[in-house]
Amino acid sequence: MSQATELAAAAGSTDPRVGLRAVRALRRLLERLEVVQVDNARRQGWSWQEIADALEVSRQAVHKKHAGRPAVTSSWEA
């Protein structure tokens, strides 16, 4: 079972402590995945507007979040 699958299962736990920890971990995983894919899109020449449209957020929001940080160069698995 993958980490994401295990976390998704744990997020449905009836124990709030287990469920909330899993939600926190999924949030962190999602943030890492977004960074990797935004960097991937930028390397392939996508505009901030194209990325924003794909993420269903404003161009300003995605630019503010990602424009000033260094690009990732390795795998998203940390």
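**Entry 1**

I took contact to mean heavy atoms within 4.5 Å.

I then asked which residues make up the largest nonpolar core. The six residues are V38, A41, W48, I51, A52 and V62. Helix α2 (16–43) and helix α3 each supply at least two residues of this core. The most comes from α3, with three residues. I noted that a nonpolar core is a set of buried Ala, Val, Leu, Ile, Met, Phe, Trp, Tyr and Cys residues joined through side-chain atoms within 4.5 Å. Buried means under 20% relative accessible area, exposed means over 50%, and partly exposed lies in between (1.4 Å probe, protein chains only). As background, nonpolar side chains tend to be buried together in soluble globular proteins.

**Entry 2: Ground rules**

I number residues from 1 along each chain as its sequence is written, and I use heavy atoms for side-chain values, with hydrogens and water left out. In this predicted model, local features need pLDDT of at least 70 and side-chain atom pairs count only at pLDDT 80 or more, while totals for chains, interfaces and linings use all residues.

I looked up the confidence next; pLDDT is the predictor's confidence in each residue, from 0 to 100. The protein has a mean pLDDT of 90, and 91% of its residues reach 70 or more.

**Entry 3: Helices and overall form**

How many helices and strands does the protein have? I counted four helices and zero strands. From the N terminus on, the order of elements is α-α-α-α. Helices (H or I, at least four residues) and strands (E, at least two) are DSSP runs, numbered from the N terminus.

The C-alpha trace spans about 45 × 25 × 20 Å along its principal axes. The radius of gyration of the protein is 15 Å, whereas a compact globule of 78 residues would have one near 12 Å. This radius is taken over C-alpha atoms, and the globule rule is 2.2 Å times the number of residues to the power 0.38. I also recorded that 19% of the 78 residues count as buried. Of the contacts between residues at least 6 apart in sequence, 37% join residues at least 24 apart.

**Entry 4: Salt bridges**

I found three salt bridges in the structure. A salt bridge is a side-chain nitrogen of Lys or Arg within 4 Å of a carboxyl oxygen of Asp or Glu.

K65 forms a salt bridge with E31, with the closest N and O atoms 3.0 Å apart. This pair links distant parts of the chain, since K65 is in helix α4 (residues 59–66) and E31 is in helix α2, 34 residues apart. K65 is partly exposed, with a relative accessible area of 39%, and E31 is partly exposed at 36%.

K65 also forms a salt bridge with E34, where the closest N and O atoms are 3.2 Å apart. K65 lies in helix α4 and E34 in helix α2, so this pair ties together parts that are 31 residues apart in sequence.

D39 forms a salt bridge with R69, the closest N and O atoms being 2.8 Å apart. D39 lies in helix α2 and R69 in the segment after α4, so this pair ties together parts 30 residues apart in sequence. D39 counts as buried at 6% relative accessibility, and R69 counts as partly exposed at 22%.

**Entry 5: E34 in more detail**

Is E34 buried or exposed? E34 is buried, because its relative accessible area is 18%. Its side chain makes a polar contact with the side chain of H66 (2.7 Å). A polar contact is a pair of N or O atoms within 3.5 Å; within protein, one must be able to donate a hydrogen and the other to accept it, and residues adjacent in sequence count only if both atoms are side-chain atoms. Leaving aside neighbours within four places in sequence, E34 is in contact with L55, K65 and H66.

**Entry 6: E56**

Lastly, I looked up E56, which is placed in the loop between α3 and α4. Phi of E56 is near 60°, a positive value in a residue other than glycine. E56 is exposed, with a relative accessible area of 74%.
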